Amino acid sequence: MDFNEKNATDAVLDSFSKIKDKRLKKIMNSIITHLHEVVKEVEPTEDEWMKAITFLTKTGQKCDDRRQEFILLSDVLGVSMLLDAINNRKTKDETETTVLGPFHAPSLTMSYGENIAKNVVGDDCIVSGNVFDVNKNLIAGASIEVWQSGPDGLYDVQKEGDVVDLRATFISLEDGSYLFRTVKPQFYPIPVDGPVGDLLNNLDRHPYRPAHIHFMVKADGYKDLVTHVFIDGDKYLQSDTVFAVKKSLIRKLEKGFDSDENKECYHLEFDIVMEKK
Ligand SMILES: [Fe+2]
């Protein structure tokens, strides 16, 4: 029988009927079923379909070892956060998760109290807290990876050269505590010089993310935790362009004093609660 509008989906699903990998079969069946439904509902013109293909082509071409446009696309379409919600259903009082984002990169291990802001000028800020489990047992030796943008809104990987800045890995002390120095985070736009920026523009959406610091925490026997701490009062908390804000992750930035360095600074307290594997 000819391939036509009525039998198209069944014909393609039938072509997958011999796939041995059950998970792959389920995924492909679902993708084809929904993709065909979209095409039948929208009835794109051939020009519109070519625009879609061009968009995805440009998205791929924008990617390199420092830029991940597909993660950005997944983020602004809310797919990253939906995936996060499905894969990290909260069971108790553990710290909630949120998106990894496109700017994670390897970092050096620093000692308790070190400053991760090496090449930027901003408002000094101390970030500290304790790592423990849902039963309040303190966790020593946890690896706490942090990364953030500078006062100019840019991450180190968005700048020329290979300088690693505003990112580091710390190890929690015997009492579960961690502390590092940095500059006050502030809101920033996601990169808008690529196809995802064009998409946001065409959809009349702003590109901003509220001020935050990224955390990836790992400890033996516990689930890896990918999260952010957000700054209370930021004007973009209600409209984060990647939908990543959760109320439980918002903290107040307090004015304080750095007695070791004898100067005024901000202070951000963020405890981390890990979930057993
Ligand atoms: Fe970020």
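1. Strand 2 (residues 143-147) and strand 3 run antiparallel and are joined by five bridges; strands here are DSSP runs (E) of at least two residues, and helices are DSSP runs (H or I) of at least four, both numbered from the N terminus. Two strands count as paired if DSSP finds at least two bridges between them. Val146 has Ala168 of strand 3 as its bridge partner.

2. This is a predicted model, in which local features need pLDDT of at least 70 and side-chain atom pairs count only at pLDDT 80 or more, whereas totals for chains, interfaces and linings use all residues. Residues are numbered from 1 along each chain as its sequence is written.

3. Ile116 lies in the loop between helix 5 and strand 1 (124-133). Ile116 is buried, since 24 other C-beta atoms lie within 10 Å; a residue is buried with 20 or more other C-beta atoms within 10 Å of its own, exposed with 12 or fewer, and partly exposed in between, the C-beta atoms being placed from the backbone. Neighbours within four places in sequence aside, the contacts of Ile116 are Met110, Val146, Leu166, Arg167, Ala168, Phe180 and Thr182 (a contact requires C-beta atoms, placed from the backbone, within 7 Å).

4. Helix 4 (residues 69-76) is largely enclosed by the rest of the structure, because six of its eight residues are buried. These are Glu69, Ile71, Leu72, Leu73, Asp75 and Val76. Their cover includes helix 3 (46-61), helix 5 (79-87) and helix 6 (195-202). Just after helix 4, Gly78 adopts a positive phi of about 80°.

5. Helix 4 packs against helix 6 at an angle of about 25°, and their axes are 9 Å apart; axes are lines fitted to C-alpha atoms over the stretch in contact, and angles run from 0 to 180 degrees between N-to-C directions. The two helices are therefore roughly parallel, a term for angles under 35 degrees. Glu69, Leu72, Leu73 and Val76 of helix 4 meet Pro195, Val196 and Leu200 of helix 6.

6. The chain is divided into domain 1 (8-62) and domain 2 (73-274), with bounds from an automatic or database domain assignment. Their C-alpha centres lie 35 Å apart.

Technical notes
Contact = placed C-beta atoms within 7 Å. Parallel < 35°, antiparallel > 145°, perpendicular 65-115°, else oblique.
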